[in-house]
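Let's walk through this structure together, one step at a time. Have the sequence and the 3D view at hand as you read.

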Number of protein chains: 2
Amino acid sequence: MNHPALDLIRQRVSANQFDPTHTLDDATIRELIFYAGEAPSCYNLQNWRFIAVRSAARKRALMALSYDQEKVVDAAVTVIVCGVLEPERGIRAAMQPFHDDGHIDREVLDQWVEETTAAYRDKPGKQRDEAIRSASLAAMNLMFAAQAMGLASGPMGGFDAAGVSADFGLAATEIPVMLVSVGRAAPGNWPRKRRLAVDQVLSIV
Amino acid sequence: MNHPALDLIRQRVSANQFDPTHTLDDATIRELIFYAGEAPSCYNLQNWRFIAVRSAARKRALMALSYDQEKVVDAAVTVIVCGVLEPERGIRAAMQPFHDDGHIDREVLDQWVEETTAAYRDKPGKQRDEAIRSASLAAMNLMFAAQAMGLASGPMGGFDAAGVSADFGLAATEIPVMLVSVGRAAPGNWPRKRRLAVDQVLSIV
């Protein structure tokens with residue numbers, strides 16, 4: 001099967017070397033986050049938040065909290081992709097537009113909120129799993145959109161989560177799930193890392 | 001910015017109604033999983049596994065374990081996307097090809113294994129977070145590839161995880177993170193659910 005989107009999936013490589021002279025304007029950052037937020041989430045929770053770290057000072061602070069990975073300062077922007085706990089608190093606001101557009105009536109909206117509340121309230125483990133899942137889906141969309149926009153991306157899972165939460169003023173209900181640097185690739189990046197063969201990871205039953 | 005991949009992100013909708021007469025052959029399922037596995041993962045761990053549930057009997061069993069969601073049986077295939085714990089056990093096999101292709105020498109490979117082991121061994125919470133993160137990144141790629149291949153997808157987070165693990169023979173180190181139904185959409189699906197405005201989820205610092 002051929003499609004330009006499939007080419008992008010095959011071609012995307014996690015960059016470590018970024019051009020430090022390259023910058024991104026507000027409009028481009030907003031476009032990236034728009035696409036990140038188009039990811040699906042359970043109940044359409046959208047239990048995510050994005051902090052785009054672009055200023056030199058904040059990038060330096062973030063680099064210090066991520067084992068001094070230079071891509072954090074070299075890339076035009078590094079996005080802190082957060083997942084949100086207690087997602088049932090946000091579900092009515094998240095689904096109100098679907099009601100207002102006339103797709104569901106008030107009763108269905110109320111039931112939606114009730115089911116979501118039953119699913120997550122007082123279940124911290126499930127909330128954490130969901131925060132990581134939703135934020136990761138959004139992060140993949142973000143990297144994919146960056147690629148389609150001609151930009152390189154470098155995801156990071158290794159950083160001081162407590163330090164990031166404190167220094168960047170995350171709410172108690174927000175977990176930093178991944179950092180994603182986005183910018184223009186510089187020379188010196190490794191090639192794509194080969195993946196396991198499909199047969200090593202797939203069973204059909 | 002315009003790109004066919006960005007159109008796909010905007011257009012993709014989580015389907016609930018699938019055409020039960022539509023089927024997928026092995027080659028197409030393998031292609032979907034190939035693209036899922038092209039997702040990035042920390043250290044290139046590839047700590048995921050995919051069970052493509054296609055037979056009528058196994059789809060019925062899976063439906064019973066997922067609150068009787070009919071899409072599980074109606075869609076051509078429903079993929080159990082698993083994340084893998086103790087990922088340090090698989091890292092040498094995962095990175096050996098990168099060494100064999102001449103990109104890193106033996107010393108770097110050994111160091112890679114050592115660092116990964118230090119990062120995850122005996123850290124069950126971190127292993128779980130990583131399993132969910134990697135599997136979710138792969139699931140997003142899977143849904144995206146499906147869309148590019150003209151197929152609809154329907155992700156599910158609500159199912160009996162312990163039941164799925166038992167009934168589908170998951171290893172003790174495998175967590176079912178999401179179910180993703182893939183097939184041909186039938187009439188009657190809801191339109192896309194509107195998302196929060198970018199300003200509601202983004203800060204630029």
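Strands here are DSSP runs of E with at least two residues, helices are runs of H or I with at least four residues, and both are numbered from the N terminus. Two strands pair if DSSP finds at least two bridges between them. In this pairing, Ile204(A) stands opposite Ala52(B) in β1(B).

A word on what you are viewing: this is a predicted model, in which local features need pLDDT of at least 70, side-chain atom pairs count only at pLDDT 80 or more, and totals for chains, interfaces and linings use all residues. Residues are numbered from 1 along each chain as its sequence is written, while chains are lettered from A and ligands numbered from 1 in the order in which they are written.

Now follow the whole sheet. It is open, has 5 strands with mixed pairing, and its order is β5(A)-β1(B)-β2(B)-β4(B)-β3(B). β5 of chain A and β3 (152–156) of chain B are at the edges with a single partner strand each, so one side of each has no neighbour in the sheet. Further in, β2 (residues 77–84) and β4 (residues 174–183) of chain B pair in the antiparallel sense over 8 bridges, and there Thr78(B) stands opposite Ser181(B).

Finally, look at the contact between the chains. Chain A gives 66 residues and chain B 67 residues, where contact means that C-beta atoms, placed from the backbone, lie within 7 Å. On the side of chain A that touches chain B, α7(A) provides the largest share, with 12 residues.

Definitions and conventions. Two residues are in contact if their C-beta atoms, placed from the backbone, lie within 7 Å.
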